[in-house]
Amino acid sequence: MDFNATKAHLKAQAKFAALEKTQRELDLKTKKSADYRRKILSNQKGKQKSKFSSSEKTSFYQCVFNMANILMGVGLLALPFAFAKSGYLGGSFAIISFALICWKTSILIGRELNGDPRPLSFFSESPSVAKLPTDSESMKRMRQPIRSFPDIAREAFGSAGAVILGIVLYFELFSCIAIFIVSIGDHMHELFPSIPVTTHMLGLTIFSTLPVISKLCGAEWKILVFFTTCSTNFDVTQSLERLAFFLISA
Amino acid sequence: MIGTIATVCVVLAVVTSFLIEGDVTEEIESQANIDSILETRSHHQLWIGGGLNSAFGLVAYCFSGHAIIPSIYNSMDKPYEFERVVNVTFMIVVAACLTIGLSGYSMFGDFVFDQITLSLNQYSSAVLAMDILTWLMILTAFSKLTLTMFPLAMGFEEIVAPYVSNDSTMLLVSTAIKMILLFGAFAMAIFVPSFSTLCSMVGMICTMIVSVIFPAGAYLRLFWPKLSLVDRIQHCLLVIFGVAMAIVGTVIGTP
């Protein structure tokens, strides 16, 4: 009886130790991942200015500009085709109804980030704008403010929710790359109709692996390195500057 | 920056060529088949119910950008102005979308290609300008491709990083990851060759989850006790709508 009890106790202890070990390993892994991200980001920051760096604050119209810029991308090109699929009224109906839904959900995300279901304009710091009485009780938020998209998922649906959302987000990014490849292939085919679309896409894919591969090579592969700088920050003036620099140094 | 220029140029190009050249569907038809010119039919429809799902997918892809909202919100000088930012932005975006959609469709009718710049390049009389526009689109798409590649590769590298000890192996591994991703995307591009199919699939499945189901669902989960009955019903309807559209998109996307 006593013996059995000790056995069970030992078993539980072993199990606990194992759990603790995996937890420690997990922590270590998270820390290493975070280190890696920080390293890459610090490398990147030297090369190109981050648009949304947390240090500088943006004004009202800069925010409108940034957001409109992100919403209006390659998808805009397909809208006449959407009209062709569903007619004048159908297309307008699709655009307006979906814009209403997205407008609503954007505001919802804003309120989730703020941590309170009431409109954000209530939380103005200046007393002349605030619509709520500024005593501490009504200004108190329901939750702590949240900072990022995966954090919302973690708060609302637990870590499984965050993982699922991450998978969907990465799948979307991956499909966006495929969409860009198709789009570039189609446009290149329009300019050079003698070459089939698939060849254009293959050429493009190989071309975009060049900068990746060139990082493996030594400094003597200067042309490839030039492609790297050209393609990683595709700002026209900067590329010209680098081209001039490259010509001088060569 | 180049993306903004390209967007503005495309909108301007579509509107000006519509204003200058007007409806060109009849010319295209007479070019395409001289024999069957006798059977005249309208190339502009008011309402086609059957195409509504793919139209919804394309529009959804156009409006996908909710993942960037936290960065914008956090970068704001006065976060309480965020709702006004959203109002103004959506007014601008809807105006641009309606402009480009309506004028593109009025100009080309159902002869329009799934990317309006291709139609413009093929049928416009201003050849040089349209060639420049096409090159601009290629540049834009290429710069966006490299910009999108960065966070995607980063996500995978972060998963692998704890298992790799030294830097030179890590460089090899990250190169391998990027190569695999690029050629995977290339394989997907070959497998689903049409731009519009791919867009409407992504729009229906990913955008519905990220931009409709997730925000409304999270709002309900986070603030359930504080919400009024109207709010609860409204946001439940949003979630149900999103789920229904995502299922429709999946069913249509995999024939």
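## Cysteines, interface and salt bridges

Trainee: Which is Cys199(B), buried or exposed?
Mentor: Its relative accessible area is 1%. Buried means under 20%, exposed over 50% and partly exposed in between (1.4 Å probe, protein chains only). So Cys199(B) is buried.

Trainee: What kind of model is this?
Mentor: Residues are numbered from 1 along each chain as its sequence is written, chains are lettered from A, and ligands are numbered from 1, in the order in which they are written. Side-chain values use heavy atoms, without hydrogens and water; local features need pLDDT of at least 70, side-chain atom pairs count only at pLDDT 80 or more, totals for chains, interfaces and linings use all residues, and the model is predicted.

Trainee: What is the nearest cysteine sulfur to Cys206(B)?
Mentor: Cys206(B) is in no disulfide. This residue is buried, at 2% relative accessible area. The nearest cysteine sulfur is 8.1 Å away, in Cys176(A).

Trainee: How many disulfides does the structure hold?
Mentor: A disulfide is a covalent bond between the sulfur atoms of two cysteines. Over all chains, the count is zero.

Trainee: How much area do chain B and chain A bury between them?
Mentor: Buried area is the accessible area (1.4 Å probe) that two parts lose on being put together, summed over both. Carbon and sulfur atoms carry 78% of it here. The total is about 13300 Å².

Trainee: Which three residues supply more of the area that chain B buries against chain A than any other three?
Mentor: The contact takes 144 residues from chain B and 128 residues from chain A; contact means heavy atoms within 4.5 Å. Three residues of chain B supply 6% of the area buried on that side, more than any other three. They are Tyr80(B), Phe214(B) and Leu222(B).

Trainee: Which salt bridge partner does Glu83(B) have in chain A?
Mentor: A salt bridge puts a side-chain nitrogen of Lys or Arg within 4 Å of a carboxyl oxygen of Asp or Glu. Two are found across the interface of chain B and chain A. In one of them, at 3.1 Å from N to O, Glu83(B) meets Arg111(A).

Trainee: Where in chain B is Glu81(B) found?
Mentor: Glu81(B) counts as buried, at 16% relative accessibility. Beyond residues up to four places away in sequence, it touches Phe60(A) and Met76(B). Helices are DSSP runs of H or I, at least four residues, and strands are runs of E, at least two, numbered from the N terminus. Glu81(B) sits in the loop between α4 (69–75) and α5 (82–108).

Trainee: Which helix of chain A holds both Asp35(A) and Lys31(A)?
Mentor: The two form a salt bridge, with the closest N and O atoms 3.5 Å apart. Asp35(A) is partly exposed at 34%, and Lys31(A) is exposed at 51%. They lie four residues apart, about one turn, in helix α1 (residues 2–47).

Trainee: What is the N to O distance between Asp116(A) and Arg118(A)?
Mentor: Asp116(A) is buried, at 0% relative accessibility. Arg118(A) is partly exposed, at 22%. Their side chains meet in a salt bridge at 2.8 Å.

Definitions and conventions: Disulfide = S-S within 2.5 Å.
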